[in-house]
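Here are my notes for anyone opening this one for the first time. Have the viewer ready and follow along point by point.

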Amino acid sequence: MAAPALVVEGVSKRFKRHRVLDDVSLTVAPGELVALVGENGAGKTTLVRCIAGLIPTDRGEITVEGVSSSRAGNRLSVVWQDLALCDNLDVVANLFLGRELGRPLMSESRMHSQAHALLESLDVHIDDLHRVAGQLSGGQRQGVAIARALLDEPGVLVLDEPTSALGVAEAASVQRLMRRLRRAGVAMLLVSHNLDQVFALADRVVVLRHGKVVADVATNEVHPDDIVAMITGAATDSAARKQLHQLHSLVDQLAEVQPAASLPLIVSALSSALAVNRLCVHLVESSADGEPRPSRSGPEAAERVRLVRRASVGLPDALAALIDDLPLGSAGGLPGVAGARGEAIVIDDLRTAPTSLLNSQLVAAGVLSAWAMPVLGATGLIGVVSAYADRVGTPSEPQLELARLYSNLAASAIEREHLLDEVTRRNRILESLRSMLDRLAGPSQSDDDIGVALLPLCIGIGARAAAIFDSTHEPPPVLRAGITSLGMKVTGAIEADMRHAAELVRKLDASDQRAQRLGHATVAVPVALPGGAGALVAIWPDPDLIGDVTFDLLDDAARTLGLAIERQDMEEARKESSALRRSSVLQREFLMRLSHELRTPLTAIHGYASTLRQTDVHWDEDATGEFLERIATESARMGRLVADLLDSSVIETGGLRLQLDWCDVELIINQAVSLVPDLHDVDVTVAGPLPAVWADHDRLEQVVVNVLANAVRHGAEPVSVHASSAGGSVTIRVVDSGRGITPDLVERLFEPYVTGSTSRGTGIGLAIVRGIVEAHGGAVSFGLTDEMPPRTELRVVLPVEPTE
C-alpha cells in the first residue's frame with residue numbers, strides 16, 4: 001500500500017485556556033477521500049488551519065508527502081468555504097493571482113491557454129474566461145477555486161464545505177469533479193456537514209467531537225445513523241433501535257400495499273437502511289418471455305434461466321444497461337455467481353478481482369466494489385440483491401446480516417406476488433373453461449362453434465393454437481375445428497404440425513387416454529368421437545409456458561369436446577333424417593301434382609285423337625283443325641312440364657351450363673311477354689336505356705317467362721313489369737294484382753315442389769328461376785311495393801359485367 005500523502009499525528013491546540021484539538025490523528029492516502037465531520041465547534045476548521053500551516057500546533061506533527069506542513073509549499077492546497085476569489089477580476093486573473101513571481105515570462109495568451117486547458121480537464125465549463133468572477137454561477141466559482149488549488153498539481157487537496165452554498169445541480173457537478181480527482185490519485189480531505197454527500201463520496205469518515213477523534217471508520221462499514229450518534233454522543237444502540245423500527249414499519253407497509261408494489265418498497269428501504277446509493281434486485285425468469293421460471297429441472301431449464309433486473313435505486317444509465325439482463329452463473333458476473341452458488345459474494349476491489357468481461361465493464365462504468373446476495377424462497381432461488389460502490393471496501397458483517405433480513409422480506413413479497421399471479425392465472429383458466437362449456441352447452445353446434453369454443457381454452461392455457469382432429473377415417477387426420485390465440489383459423493405450417501401430432505396420438509397405446517407431450521412445444525390428448533377416435537392438439541410458442549396443470553386441463557377439455565362433437569353429430573343426423581322425411585313427403589306431393597298436371601293434357605290429347613279416329617262421324621275441316629290445335633297446345637304444355645323437370649334436375653346436380661353473350665334485357669322481356677299464354681293485361685315499363693348484360697339469352701328469357709306465368713297462375717291481372725339499372729346491375733320487378741304471399745311462404749316458395757295457397761302447378765318454376773339467376777351471379781327475392789296498400793313484387797337483380 002502506498003505511503004499516506006497526509007499524516008496528522010497527535011496534534012493538540014489550545015486557544016487561551018480552551019483545548020480546541022486534543023491528540024488528533026488521521027491519515028489520507030493517495031487516491032483516497034476522507035471526510036472530516038463533527039458539530040459546529042468540534043475543531044474541524046482549526047484542524048484545517050493547522051494542516052494548511054496558517055496556525056501552529058501546540059503538540060504533534062503534520063506531514064504532507066513526507067514533508068512538514070510548514071514546508072509543504074505546493075504539495076498542499078486548500079479550497080476554503082468562502083472560496084477567496086476576487087469578484088472584480090476575471091477567471092484567468094483569479095487562477096494566477098499570487099503566482100506571478102513564479103511565472104515572470106508567461107504571456108497573457110499563454111496564461112489564458114493554460115487556464116482553458118486546466119478547466120477543460122476538470123470538466124468546468126465557462127464560455128468566456130474574461131468574465132469577472134462576480135458574474136459566475138456558484139458551481140462555476142467553486143470550479144475556479146478548485147482549479148486554482150490544483151494549478152500547481154498538489155498531492156493533497158483539502159476542501160472546506162465545497163457545496164454548502166450550491167444548488168442541487170451545481171453540487172452534483174462539483175461532486176463529479178471530486179470523483180475524477182480521486183480517480184486521478186489526489187489525496188483529499190473533505191470537511192462537510194452533509195452526510196449524504198459524505199457517504200456518496202468518502203472512503204472513510206473521521207468524527208471529531210470536542211476536539212477529539214471519536215471514530216475513524218470506512219463508509220461501507222457504518223450507517224449514517226451511527227455517524228450521527230457519534231457526532232452527538234448519543235447511545236450507539238439508538239441506531240440499531242431505529243433500524244428495528246424501520247423494519248417493523250416496512251413490514252406494516254407490505255401488509256397494506258399491492259404485491260406488485262412490494263419489491264420497489266423493499267429496495268428503497270434496504271438502500272436507506274444500508275446507506276447504499278446503488279442497489280438493485282434481479283429476479284429469476286425465463287429468457288424467452290419473462291414469465292416466472294417453471295418448477296422443472298434439467299439442462300434445458302438451466303440454460304434458459306436468467307436474472308432480469310426488476311427493481312433498482314440510484315443506478316446510472318450505463319450501469320443499469322450493463323446489469324439489466326444477466327445469465328445465471330459466472331457469465332452473469334457477481335449476481336450470476338451469487339445466484340448459482342446460493343451464497344453472498346463480496347468483492348472489495350473489482351480491479352484486482354478475477355478477470356471477466358462484466359467486471360471490466362463495471363470498472364469502466366466507475367464501479368470499484370460490489371456485493372451480491374441470493375434471495376431464497378421455498379422452491380429455491382428467486383432472485384439476487386446486489387449493491388455497487390465507486391470506492392473500494394467491504395460491507396460489515398452487521399450490514400450483510402441486515403441485507404439478509406431484507407432479502408428474506410423480499411423473498412416473502414415475491415412469493416406472495418407469484419402466488420397471487422398463479423391464483424389469478426388459474427381463475428382465468430377456469431373462467432375460460434366455463435366460457436367454453438357455456439358455448440358448447442348452446443342449443444346447437446357446428447364445427448365453427450366448436451372452433452370458437454376452443455378460443456377461451458387456447459387463451460386460458462397460454463397456447464398459440466388449439467385444434468380437434470378426426471382420425472376415424474384413413475390418414476391423414478381431418479381437421480374438425482381449430483383456432484389460434486388471435487381468433488384466426490388454424491392453417492398452413494401450424495395445421496401441418498398439429499396434424500402430425502394427431503397422427504402420433506393414433507399410434508399410441510389405446511389404454512393410455514391422457515394428455516401427452518409430443519414434440520418440442522406440443523401437447524395432444526386422445527378424444528373419443530362417434531365411430532372412432534380423434535385428438536385434441538395444442539401448440540405453444542415456448543415450451544416453458546406448458547404448466548403443470550396444463551395436462552389435466554386438456555384431459556378435461558378433451559372429454560367435454562368429445563361429448564360436444566357426439567352431440568353435434570347426433571343433431572346433424574337428426575336434421576338429415578328430418579330433411580329426408582320432409583323430402584319424401586314433398587316428393588309424394590310432387591308426384592301427385594305431376595300426375596294430375598300430366599293427366600290433364602294427356603286426357604285432352606287422347607280425347608281429341610279418339611274423336612278424330614271415329615269412322616262413323618265425319619268432321620268438317622274447321623272442327624278437325626280446332627281438334628288438332630288443341631292436341632298441339634296440350635303437347636306443348638307437356639313438353640314444358642318435362643323441360644321444367646329436366647331443368648330442375650340439372651340445377652340440383654350443379655350441371656347447369658350457360659351460353660353467355662351480351663344480351664338486350666328489354667328485348668328479352670318483350671319476347672317473354674309474348675310467350676306466356678293467358679297473359680292479356682300487362683304493362684312493361686323500362687326506366688331509361690338499359691345496358692346490355694352478360695348472360696344466357698334463352699335462360700334469361702326462361703326466367704321472365706316463369707315469373708310472368710307464376711304471376712298469372714297464382715295472382716291476378718293486370719301485371720306490371722318494371723326494368724331499371726343502377727350500380728352496375730339491372731333489376732326486373734314483376735307485380736301482379738293478387739292477394740299477395742303470406743310471410744311463411746316468402747322464402748319457401750323458391751324451394752323445389754313448394755306451391756302457393758292455390759296449390760296449382762308443380763312448384764318447381766320459381767326454384768328454376770332462382771337456380772338460373774344465381775348461376776348468373778344475381779339474386780331473386782320477394783318484396784313489397786311503395787303503394788298503399790302495398791303489393792307483393794318479385795325482384796330479379798342481374799350483374800351487368802361478367803362475374804367469376
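1. Start at Ile146. Skipping its neighbours within four places in sequence, Ile146 is in contact (heavy atoms within 4.5 Å) with Val79, Leu157, Leu159, Val174, Leu177 and Leu181. Ile146 is also one of the residues that touch the most other members of the largest nonpolar core, together with Leu157, Leu181 and Ile227; that core has 48 residues. A nonpolar core here is a set of buried Ala, Val, Leu, Ile, Met, Phe, Trp, Tyr and Cys residues joined through side-chain atoms within 4.5 Å. Helix H4 (residues 138–150) gives this core its largest share, six residues. Another core lies apart from it, with 39 residues, including Cys663, Ile764, Ile768 and Val800.

2. A word on where this comes from. The model is predicted, so local features need pLDDT of at least 70 and side-chain atom pairs count only at pLDDT 80 or more, while totals for chains, interfaces and linings use all residues. Residues are numbered from 1 along each chain as its sequence is written, and side-chain values use heavy atoms, with hydrogens and water left out.

3. Now the overall picture. The protein chain has 21 helices and 28 strands; these are DSSP runs numbered from the N terminus, helices being H or I with at least four residues and strands E with at least two. Of the 804 residues in the chain, 45% are buried. Buried means under 20% relative accessible area, exposed over 50%, and partly exposed in between, with a 1.4 Å probe and protein chains only. Among the chain's contacts with a separation of 6 or more, 64% are between residues 24 or more positions apart. The accessible surface comes to about 40,500 Å², and carbon and sulfur atoms own 53% of that; the areas are Shrake-Rupley values with a 1.4 Å probe, and for residues only the protein chains shown count as cover.

4. How many aromatic pairs are there? The count is one. The rule takes rings of Phe, Tyr and Trp (its six-membered ring) with centres within 6.5 Å, and calls planes under 30 degrees apart stacked, over 60 edge-to-face and the rest tilted. The pair is Trp662 with Trp694, edge-to-face, at 5.1 Å centre to centre and 65° between the planes. Trp662 belongs to strand S22 (residues 660–663) and Trp694 to strand S24 (residues 693–696), so the pair ties together parts 32 residues apart in sequence. Trp662 is partly exposed at 44% relative accessibility, and Trp694 is partly exposed at 28%.

5. Two rings have a charge over them, in the sense that NZ of Lys or CZ of Arg is within 6 Å of the ring centre and within 35 degrees of the ring normal. The charged end of Lys13 sits 5.4 Å from the centre of the Phe15 ring. For Arg49 over the ring of Trp80, the distance is 5.7 Å.

6. On to salt bridges: the whole structure has 24, each a side-chain nitrogen of Lys or Arg within 4 Å of a carboxyl oxygen of Asp or Glu. Asp127 pairs with Arg131, with the closest N and O atoms 3.4 Å apart; Asp127 is exposed at 70%, whereas Arg131 is partly exposed at 22%. Glu401 and Arg404 come to 3.1 Å between their closest N and O atoms, and both lie in helix H14 (residues 397–440), three residues apart, about one turn of the helix.

7. Which parts of the chain does the bridge between Arg480 and Asp569 link? Its closest N and O atoms are 3.3 Å apart. The bridge links distant parts, with Arg480 in strand S18 (residues 478–484) and Asp569 in helix H17 (residues 550–613), 89 residues apart. Arg480 is buried at 15%, and Asp569 is partly exposed at 21%. There is also a network of bridges with shared partners, joining Arg179, Arg182, Asp203, Asp390 and Arg391.

8. Two last spots to look at. Pro601 is in helix H17 and is buried at 0% relative accessibility; its C-alpha atom is 7.0 Å from that of Ser635, 34 residues apart along the chain. In helix H21 (residues 765–775), the buried residues include Leu766, Ile768 and Val773. Gly777 follows H21 and has a positive phi, near 85°.
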